[in-house]
Amino acid sequence: LRLASVPLPFAAAANPDFARSNPPPQAKTTEVKIYSELLTDRHSSLTEKLKAATELGNQALGDAKEDIADGAGTIEALVSLAKSKHSEQAKERAAGALRNLAVESWKNKEQIASAGGIPPLVAIAETGTTEAQVDFAVGALASLALDSDNKKLIAESGGIPVLVAQVRNGHTAAIQTLACIALGNLTSNEVGNKGKSNKMLVAEAGGIEPLVDLAATGMMEQREAAVGALWNLAFNDANKKLIAA
């Protein structure tokens, strides 16, 4: 059951910088090149890199996501921003851009993972200091989790307990919904991880109870996402008993 097949755009309410009209195709191509070069230039200031990440995140909402990913070092530069130890804004902008790049692009899902993007996104989802940071990171993980190899990488990076915690205690309904979607995607058609399937790891992380709670008491989108995750988790005999209990 694939739960994140629809676009996951930047949340305008959380970050109004990510709401604007789309320029013509030729202008978009030129902008992508300019901002990709600005982002990857080691002489660019942090302010310039933040501007570039913001603009590329906007462009990734449309049909420019492949062009952005094809830029030499662009995804790697965004991953580097996501790892920033000195700028919370850099983490937010990078997570948002990576989220939009991952949506509806199998190639980009693979490239983000190959560039080492999953561990910093898990870290932001766990320790993010703003709702926007966490929202973008969890949304990125939800999309990345559709890829079979990424399912393993997210689990190996400690992503499952982090996502379970966001289902239980996410600061917004949107974050809780995205965390449910991520868990659903992690447990869909997965082949297991170091002897344990993600279905088992979600249960061990205490994920079933908060999913059942949301399915019973959440808003409609939360209920739908929670039920989808429970659907996948129920393809495990031990989980059937836990869900029933």
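The following dialogue explains how to read several features of this predicted model.

Reader: Which conventions apply to the numbering and to the values?

Author: Residues are numbered from 1 along each chain as its sequence is written. The model is predicted, with local features requiring pLDDT of at least 70 and side-chain atom pairs pLDDT 80 or more, while totals for chains, interfaces and linings use all residues; side-chain values use heavy atoms, without hydrogens and water.

Reader: How many helices and strands does the chain have?

Author: Helices (H or I, at least four residues) and strands (E, at least two) are DSSP runs, numbered from the N terminus. Here the chain has 15 helices and zero strands.

Reader: What percentage of the residues in the chain is buried?

Author: Buried means under 20% relative accessible area, exposed over 50%, and partly exposed in between, with a 1.4 Å probe and protein chains only. Of the 245 residues in the chain, 54% are buried.

Reader: Why does T177 count as buried, and in which helix is T177 found?

Author: T177 counts as buried because its relative accessibility is 9%. This residue is found in helix α11 (residues 173-186).

Reader: Which residues is T177 in contact with, leaving aside its neighbours within four places in sequence?

Author: Contact means heavy atoms within 4.5 Å. With those neighbours set aside, T177 is in contact with E221, Q222 and A225.

Reader: Which residues of helix α9 are buried, and why are they on the same side?

Author: In helix α9 (residues 148-156), the buried residues are N150, K151, I154 and A155. They lie on the same side of α9 because they cover an arc of only 140° around the axis; the arc is that of the directions from the helix axis to the C-beta atoms. The cover over these buried residues includes α6 (106-114), α7 (118-127) and α8 (131-144). It also includes α10 (159-169), α11 and α12 (198-204).

Reader: What caps the N-terminal end of α9, and what follows α9?

Author: The cap is D147, with a side-chain oxygen 3.0 Å from the backbone nitrogen of D149. G158, which follows α9, has a positive phi near 80°.

Reader: At what angle do α10 and helix α13 pack?

Author: Axes are lines fitted to C-alpha atoms, for helices over the stretch in contact, and angles run from 0 to 180 degrees between N-to-C directions. For α10 and α13 (residues 208-217), the angle is about 35° and the axes are 9 Å apart. V164, V167 and R168 in α10 meet P210, L211 and L214 in α13.

Key:
Polar contact = N/O pair within 3.5 Å; in protein donor to acceptor, adjacent residues only side chain to side chain.
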